[in-house]
Amino acid sequence: MRLLGCVFIIALALLLPVSPAAAEKIFNAESFTLDNGLKVVVIPNHRAPVVTHMIWYKFGGADETPGKSGIAHFLEHLMFKGTPKVPDGQFSRIVKKLGGNDNAFTSQDFTAYYQNVPRMHLERVMEMESDRMKNLTLREEEVASERQVIIEERRLRVDSRPQAKFQEQLMSTLFINHPYGVPVIGWLHEMRELTRDDAFEQYDAWYAPNNAILIVSGDVTAKELEPLAKKYYGPIAAQSVPERKRTRPAPIIAAPRLVMEDARIGQPVIMKTWRAARGDDALDMLSEILGGTSTSRLYKRLVVERKLAISAGAGYEPLSLNETTFSIYATPAPGVSLGDLEAAIGQEISLLLDKGVTLEELNAAKGRKRASLTYYLDSLQGPALLFGRVLTSGFGVDYVENIVNRLEKLTIEDVAQSASTLFKNDDFPVTGILMPKAPPAPKPDKPAPQGAKQ
């Protein structure tokens, strides 16, 4: 659940094109696989003597045993409780003493751990991270106290935030009969029952080198990293890992409509969310054209020209092991009803399906992505996050390195075809409305009883 903001940034950066004259490989990543099945990716960046070291496990919220929601995220917390070599609480303290920082995060499709440290201390963090891949120790009191931590985290991140509660309900409605409908942090009543045995059951099943990806970005090469990877991760034996079984989501044959009122909401918002194909370059461009910026189609049409909304946009998350989401959202202008705004969104979708997008719109969307790439390539941790999300979503290294070639070939016909597939399929979108809760009407004064003194 940590660093969730990075997820959105990565999604935007994923399909950034550069000019045809640029090198075919954007990041020049190098990769190899150890004998025990651990895949290793090295992303050289020699601008500064620092590195990002990340280990990604192909185990997330969607892989949990039914009825044990939140266990992947809970295990992420418990991984900091120590091993015989690095006792409870010492991992992060050591990283800090080395001049670095560390953390971890969990999603539906992965759990990841990282350290940012000076290059000279890379070997030390590799030693510690490989140690906790198989040597975790947990005392009952540690599990009990950390369970209270994740329950409090849910209270702060979800239960006390109407937007988060609403999004949780929307995803549960969108992904019927699929684990993506279960929140990564877990349902509260199930979180309260998570035990030490539950944690070790998942740890023993999923935390193995042949179910992990090691990614190191920064001042290092594959030639330098390979002997270190063999030294620290190589001795860990491969093991049988459960199949990542994911049920297919049930068809949405009735139009779901969620309405939530909360006094803490300042402005109403309407959102329409579709289940969508993952890794679709054309859908990524479509979301940029429709609502990526204040110059995009929805903002210009609904906010600037028609004065129906004060904000409007669209979003698409390309990286996912299974189906993903495409959303359109807007906040009505004062005096505009949600019904009128919803009708206007429908008109814009109909116009898109009838007329398609223009070559000018597509080129402008590519240009905005191109401008962002310069800053993205300057990042140390960003490329490691990107490759990790790509690989745990079932794509390969070439999916990232071939961004340029794919985007240069993308046409307005490709965008039109993806739009038609998205908006004309048999599944309904989920329509969500989050709005302020009106204060209760004042009670009328009761008439005085007959004969009472006035």
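How many bridges join strand S3 to strand S6, and which way do the two strands run? Keep that in mind as you look at this predicted model.

1. Strand S3 (residues 50-57) and strand S6 (residues 212-218) are joined by seven bridges, and the two run antiparallel. As background, strands of a sheet pair through backbone hydrogen bonds, either parallel or antiparallel.

2. Now zoom out to the sheet. Six strands make up an open sheet with mixed pairing, in the order S1-S2-S6-S3-S5-S4. At the edges sit strand S1 (30-33) and strand S4 (101-106), each pairing on one side only. On average, neighbouring strands here are turned by 15° against each other, direction ignored.

3. Next, have a look at two helices that pack on the sheet. Helix H2 (residues 71-78) touches S4 and strand S5 (111-118), and its direction makes about 165° with that of S4. Helix H14 (residues 381-392) touches strand S2 (39-44), S3, S4, S5 and S6, and its direction makes about 15° with that of S3.

4. Is Asp262 buried or exposed? Asp262 counts as buried because its relative accessibility is 11%, and buried means under 20%. A polar atom of its side chain lies 2.8 Å from the backbone nitrogen of Arg264. Leaving aside neighbours within four places in sequence, Asp262 is in contact with Pro162, Met435, Pro436 and Lys437.

Terms used
Residues are numbered from 1 along each chain as its sequence is written. This is a predicted model: local features need pLDDT of at least 70, side-chain atom pairs count only at pLDDT 80 or more; totals for chains, interfaces and linings use all residues. Side-chain values use heavy atoms; hydrogens and water are left out. Buried means under 20% relative accessible area, exposed over 50%, partly exposed in between (1.4 Å probe, protein chains only). A polar contact is a pair of N or O atoms within 3.5 Å; within protein, one must be able to donate a hydrogen and the other to accept it, and residues adjacent in sequence count only if both atoms are side-chain atoms. Contact means heavy atoms within 4.5 Å. Two strands pair if DSSP finds at least two bridges between them. Helices (H or I, at least four residues) and strands (E, at least two) are DSSP runs, numbered from the N terminus. Axes are lines fitted to C-alpha atoms, for helices over the stretch in contact, and angles run from 0 to 180 degrees between N-to-C directions.
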